[in-house]
Amino acid sequence: MIVIGITGGIASGKSVASNVCKKYNAYIFDADKEAKKLLFTKEISQIVLDAFPTLNSITLESLAKVVFANKKSQKKLNQIIHPAVNKETLKRIEKIRDENQHSLFVVDAPLIIESGSYQYYNESNFSLILITSPESVRIERALARGNLSLDTIQDRIKLQWPDEKKKEYADYIIENNSSLAKFESEIEKLIQKIINDTKS
């Protein structure tokens with residue numbers, strides 16, 4: 001089973017890329033969704049409440065207000081969540097590998113590089129794809145989803161590394177700044193290349 005990490009800033013196109021991978025019998029591990037599930041587990045929610053005394057309860061709304069307010073708060077939460085997500089990722093890779101039903105395991109995660117997880121990808125010979133896109137385009141896409149305010153989007157962009165900094169850590173870089181069809185085609189070609197390179 002081939003393991004691929006797909007990373008990039010908010011609204012860069014990670015989900016689209018992951019969906020393309022499904023054509024190749026991929027299991028998709030959505031790190032954001034898994035992090036939210038872990039947040040609501042008894043163990044992690046208690047650790048978060050202890051770390052943030054101003055939090056009365058664990059809701060996405062209250063977390064957004066307290067945690068995404070500044071880099072220091074986000075770093076504190078990430079130090080709790082990232083190890084838990086990484087542990088869950090590794091458990092899931094082993095589980096899916098043992099089941100032998102999928103030829104690809106794709107980790108869709110915005111902070112693979114920022115969290116330091118890329119080091120594990122390097123050690124394990126996993127491929128890491130970085131999707132880049134101009135900030136103005138990403139803001140436009142994120143606003144079109146209708147679930148985040150402009151302020152929230154800009155705050156999250158500020159808390160992520162710029163694409164230029166992330167490029168040095170990625171194995172492959174794909175720009176998503178033209179048509180959806182072109183982007184999907186480029187993802188397909190890259191996945192085929194990774195599969196062929198692994199076989200050879």
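1. In this predicted model, the lining of the second largest pocket divides into five nonpolar, six polar and five charged residues. Here Ala, Val, Leu, Ile, Met, Phe, Trp, Tyr, Cys and Pro count as nonpolar, Asp, Glu, Lys and Arg as charged, and the others, Gly among them, as polar.

2. The second largest pocket has a volume of about 330 Å³. A pocket is an open set of points on a 1 Å grid where a 1.4 Å probe fits, with protein on both sides within 12 Å along at least five of seven lines; lining residues have an atom within 4 Å of a point.

3. Of the 16 lining residues, Gln74, Lys75, Asn78, Glu114 and Leu159 lie nearest the centre of this pocket. Helices H5 (71-99) and H8 (150-159) each supply at least two lining residues, and H5 gives the largest share, eight residues. Helices are DSSP runs (H or I, at least four residues) numbered from the N terminus.

4. Helix H1 (residues 14-21) packs against helix H10 (residues 180-199) at an angle of about 55°, with axes 9 Å apart. The two are therefore oblique to each other (angles under 35 degrees count as roughly parallel, over 145 as roughly antiparallel, 65 to 115 as roughly perpendicular and the rest as oblique).

5. Val16, Ala17, Val20 and Cys21 of H1 meet H10 residues Leu180, Phe183, Glu184, Ile187, Glu188 and Ile191 (contact means heavy atoms within 4.5 Å).

6. Residues are numbered from 1 along each chain as its sequence is written, and side-chain values use heavy atoms, leaving out hydrogens and water. Local features need pLDDT of at least 70, side-chain atom pairs count only at pLDDT 80 or more, and totals for chains, interfaces and linings use all residues.

Terms used: Axes fitted to C-alpha atoms, helices over the stretch in contact; angles between N-to-C directions. Points joined across faces, edges and corners; volume = space filled by probe spheres on them.
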